[in-house]
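Hi everyone, thanks for coming. Let me put today's structure on the screen, and then we can walk through it together.

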2 protein chains.
Amino acid sequence: MSMERLVVIGGDAAGMSAASQARRLRGPGELEIVAFERGHFTSYSACGIPYWVGGDVAGPDELIARTPEEHRARGIDLRLRTEVTEIDVAGRRVRARDVDSGAGSAYWTSYDKLVVATGARPVRPDMPGMDARGVHGVQTLDDGQALLDTLSRARGRRAVVVGAGYIGVEMAEALINRGYEVTVLNRGGEPMSTLDPDMGRLVHDAMTGLGITMVNDVEVTELLAGEDGRVRAVVAKDTEYPADVVVLGIGVRPETALARAAGLPLGGHGGLLTDLAMRVRGHEEIWAGGDCVEVLDLVSGQERYVPLGTHANKHGQVIGANVGGGYATFPGVVGTAVSKVCDLEIARTGLREKDARRAGLRYESVTIESTSRAGYYPGASPMTVKMLAERRTGRLLGVQIVGREGAAKRVDIAAVALTAGMTVEQMTALDLGYAPPFSPVWDPVLVAARKAAAKVRNL
Amino acid sequence: MSMERLVVIGGDAAGMSAASQARRLRGPGELEIVAFERGHFTSYSACGIPYWVGGDVAGPDELIARTPEEHRARGIDLRLRTEVTEIDVAGRRVRARDVDSGAGSAYWTSYDKLVVATGARPVRPDMPGMDARGVHGVQTLDDGQALLDTLSRARGRRAVVVGAGYIGVEMAEALINRGYEVTVLNRGGEPMSTLDPDMGRLVHDAMTGLGITMVNDVEVTELLAGEDGRVRAVVAKDTEYPADVVVLGIGVRPETALARAAGLPLGGHGGLLTDLAMRVRGHEEIWAGGDCVEVLDLVSGQERYVPLGTHANKHGQVIGANVGGGYATFPGVVGTAVSKVCDLEIARTGLREKDARRAGLRYESVTIESTSRAGYYPGASPMTVKMLAERRTGRLLGVQIVGREGAAKRVDIAAVALTAGMTVEQMTALDLGYAPPFSPVWDPVLVAARKAAAKVRNL
């Protein structure tokens, strides 16, 4: 009997975490592991690219958690620059080819167990000028290097960032740090559409205060290139925004073309659907995780698409445990995300107002202002906390925080409370860490909980 | 029918929060409120005193959340420098006297409802030399001012801090900031006995690294004064430690002499015993809160004494709501506390190893090293997390964290998880905020949870 073979498609966080965890549980004598990766790198932190571009991180090597050589040393047959072009579910095999050699190099590899970790692809709007030089996405290390090459050659200092989500605001910071004049073109009414607009407005104002030109409610329709083929302007709403470099931060979609062609089940967001063990629904021997899957939102009870490295790593661990003969599950997310723009910290977890409405929930919303430390302690800085609680039950539904030092990770309090299904009334009694350098005597999250609880009670 | 009268004994956080909250619910036409305070101040942050002494906070006024005048303006009959000397429970009245005029000024005041918020008194060991000038506690604003007066007059620059708990380490920082050579004399084996000794050792090493002389396992037996009556040395284990100033940070005990004399129920730690509404057990019309009560430890199920401003404020709110005709409870604590010494952050919540043993629990303990931010992000600093989980059930029992920036408030994650009764296995899936400036992709608390969960599973 031949050894069982695990095939992994995708060599970043989810795929290689799964491979590593499976290897930890089943040695090279028990399980063969073949991993295909289309690019040059494995197990890297795409979330770190803005900080590399901004100069806070020296080089791409620092973003690599584990190199191909390290994976190979642990008995993983890693094939770089090798693209899987087909999954034959019935035949339990995948077809792969060398990216550089092309179709002629294609070959089949059979599997007993398969992990689909194909990640996400950036949204690239179909409009004139997208091919101009100096127009960059920032999803892969190659993207980051290409952008840095453009920056080193750019004659001018004008940057336009298209999109005002996490990538957009982080890239705005990076380019400010590089000494650029930055304009952010945002399709929505406020930046950070993962926040409610009233909280997004705080981000808008803070970014404006940093000298970033924020333009909301505009759709980019064209990129203009000069005669040298380099981008020179971005056109939105009949206005030309001059640009020596353009960064696209419009978001990503699940990379599931392979899965779709193979007939694997996809959800409403285009991501693969799995069970709680991260097994693709209806497919006993196929797992999927990372940016190509949808996840259960524990607050709304609905599927969401949340491409984040932290989830991808957890998925990989869960898949690896199950493939390796252990047992683990990924119960879902509450939708926590944190970010920063210079010293502005931005955090959210749970549902926004529109998410709550979409889920059929009635809610009360409160917003409070407090400080990061005791008011009298040096460095105490303002913090705004918005909290949503369900009517009648008082169950916490979501929290958004915008502030300076200490704002972002405070959202973890709410993330745990959401996971536990706490009410805002219960939260008012939480025994949170207090000392003047770290919090007012009533932590801002408690202040919000008190106000929300009072509002729920009085209705 | 005369108006109902609420009498409050003690004008700091618990007492005045109770008075204010009751007033919010019942106006001056409905409820008379008389509050007695022995000292000069109301509603101040004793926790801020070390930072005032250290120079981070300009003056005592900044530590006062609400002045006597502000309380009076809200219709509270506040009597400063007035000491309650007797509670006549059967007669529903208290006897008070003017502190400066003495016994001759005593009078009775009847109550319909009584709040006992007499706070804590610092432990002052009974040994020779305690009356020397230059020996200071730091519990009240008056204490803080007296210490500052000593510092301004001190000829030398040698300070000895007796005690290595929160007050001791914070005062060590304050005195270092004032340019003193600081020696900390500690009766225990390691500083911060609210941590397990292995974590206390990290504090010891960091404080030594800051140039503080840390002496463990010594009992102070005598203070030596010069001919001018000023302290000149501290004697411990037959060694003389020269001192131009001595700060006592040995801890506090519930100030319950009045309550004891009145026959109110006290617990094993000497604090008043209340029900969940903060009503003194067996006394329908008497409430108690703040540093004079014992609280339920939600993890061990036993009573504990945890004198902290954050609890006192919550107690006050709860009492005020109940006295004012509303309803609120204080369910208990999980034992969260945070502190810092210069840039070292120290946090704990839940049970230490010895607490777990004392509560009859068997547990697994893990300790992990991680970083505050993604390893590649500038400013990432080491963080040590210790986690205890119950055997078999895997229930989280406690977390201790020692590190730099971002270490202290991370303990809130565990505080909420403890409150919710989560297992460490459940914690491994927590959706915590992740971005490179704020956390590694696996938050240090998750790394600890994974290790703890693996240990529980494998037994």
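UniProt, in an unreviewed entry, lists residues 339–441 of chain A under "domain: Pyridine nucleotide-disulphide oxidoreductase dimerisation". Please keep in mind that this is a predicted model.

On to the two copies.

Now for a sheet in chain A. In what order do the strands of this open sheet run? The order is E3-E2-E1-E7-E18, 5 strands with parallel pairing. Strand E3 (77–79) and strand E18 (286–288) of chain A are at the edges with a single partner strand each, so one side of each has no neighbour in the sheet. From one strand to the next, the twist averages 15°.

Zooming in, strand E1 (residues 4–9) and strand E2 (residues 31–36) of chain A run parallel and are joined by 6 bridges. Here Arg5(A) stands opposite Glu32(A) in E2(A).

Finally, the helices. Helix H1 (residues 13–25) of chain A packs on the sheet, touching E1, E2, E3 and strand E7 (113–116), and its direction makes about 170° with that of E2(A). Helix H8 (residues 309–323) of chain A also packs on the sheet, where it touches E1, E7 and E18. The direction of H8 makes about 165° with that of E18(A). Thanks, everyone!

Terms used:
Residues numbered from 1 in each chain as written. Chains lettered and ligands numbered in written order. Predicted model: local features only at pLDDT ≥ 70, side-chain atom pairs only at ≥ 80, totals over all residues. Heavy atoms only, no water. UniProt positions renumbered as here; feature names shortened; annotations may be inferred. Pairing = 2+ DSSP bridges. Helix = DSSP H or I, 4+ residues; strand = E, 2+ residues; numbered from the N terminus. Axes fitted to C-alpha atoms, helices over the stretch in contact; angles between N-to-C directions. Contact = heavy atoms within 4.5 Å.
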